[in-house]
Amino acid sequence: MARPTVYDDDLRTRLLEETAEIIDRDGPDRVALREIARAAGTSTSAIYTLYGGKTELLAAVIEHAFRSFGDVQLAAEPQGLRALGEAYRAWALAHPALFRLMFGDRMPAEHAAVEAVAVQSLAPLVRTVSGIRPGTPEAAQRDAVIIWSQVHGAVALELAQAAPPGVDWDAVYAGLLDVVERSLA
């Protein structure tokens, strides 16, 4: 009797990252499991074994992206607000395809697990804002979303290169974080 094939975490990660790149390039409707498997150096049977099918794989990509992003935010949380902002940008620049999938309109995030992980990734910012400006949980969440919107906008503009040539994105981002910190003082 043959033993079932065991797939490791590295293959899972490669499949998720290759899927994100292909979706970012071609859109979710043009994703082919054969292409993903070839790019990840495996077979389509690995995809079916690990994820069940295309729909589940696409949901896993978004969940993976938010979890990865959330882990980086959680690690930055003890260093404070500025560190959260810097971690946000660093993660987005390191994972532009995942960033665009998470926040773009290329893929619907229809699964409850994806929504839960997305909300969880914002929690470090909400807690940090609560510590700086005590108030109601609703006020902290509102302020966190305001900050998130500002930071996200700057990162999205940088990734899209939507500025005049020669813009110093490091300076733009540092200035934005200065404004955010002053707004909470």
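A residue counts as buried when its relative accessible area is under 20%. Keep that cut-off in mind as we walk through this predicted model.

Let's start with Glu-77. This residue sits in the loop that links helix H4 (54-76) to helix H5 (81-94). Its relative accessible area is 18%, so Glu-77 is buried. Who are its partners? Leaving aside residues up to four places away in sequence, Glu-77 touches Leu-84, Pro-124, Arg-127 and Thr-128.

In soluble globular proteins, nonpolar side chains tend to be buried together. Here the largest nonpolar core holds 54 residues, and the members that touch the most others are Leu-15, Ile-36, Leu-125, Ile-147 and Tyr-173. Helix H4 supplies the largest share of this core, with nine residues.

Apart from residues up to four places away in sequence, Leu-15 is in contact with Ile-36, Ala-40, Thr-42, Ile-47, Leu-50 and Tyr-51. One of these partners, Ala-40, belongs to helix H2, which covers residues 33-40.

Is Ala-40 buried or exposed? Its relative accessibility is 3%, so Ala-40 counts as buried. With residues up to four places away in sequence again set aside, Ala-40 touches Leu-11, Arg-14, Leu-15 and Glu-18.

Definitions and conventions. Residues numbered from 1 in each chain as written. Predicted model: local features only at pLDDT ≥ 70, side-chain atom pairs only at ≥ 80, totals over all residues. Heavy atoms only, no water. Helix = DSSP H or I, 4+ residues; strand = E, 2+ residues; numbered from the N terminus. Buried < 20%, exposed > 50% of the residue type's maximum accessible area, 1.4 Å probe, protein only. Contact = heavy atoms within 4.5 Å. Core = buried A, V, L, I, M, F, W, Y, C linked by side-chain atoms within 4.5 Å.
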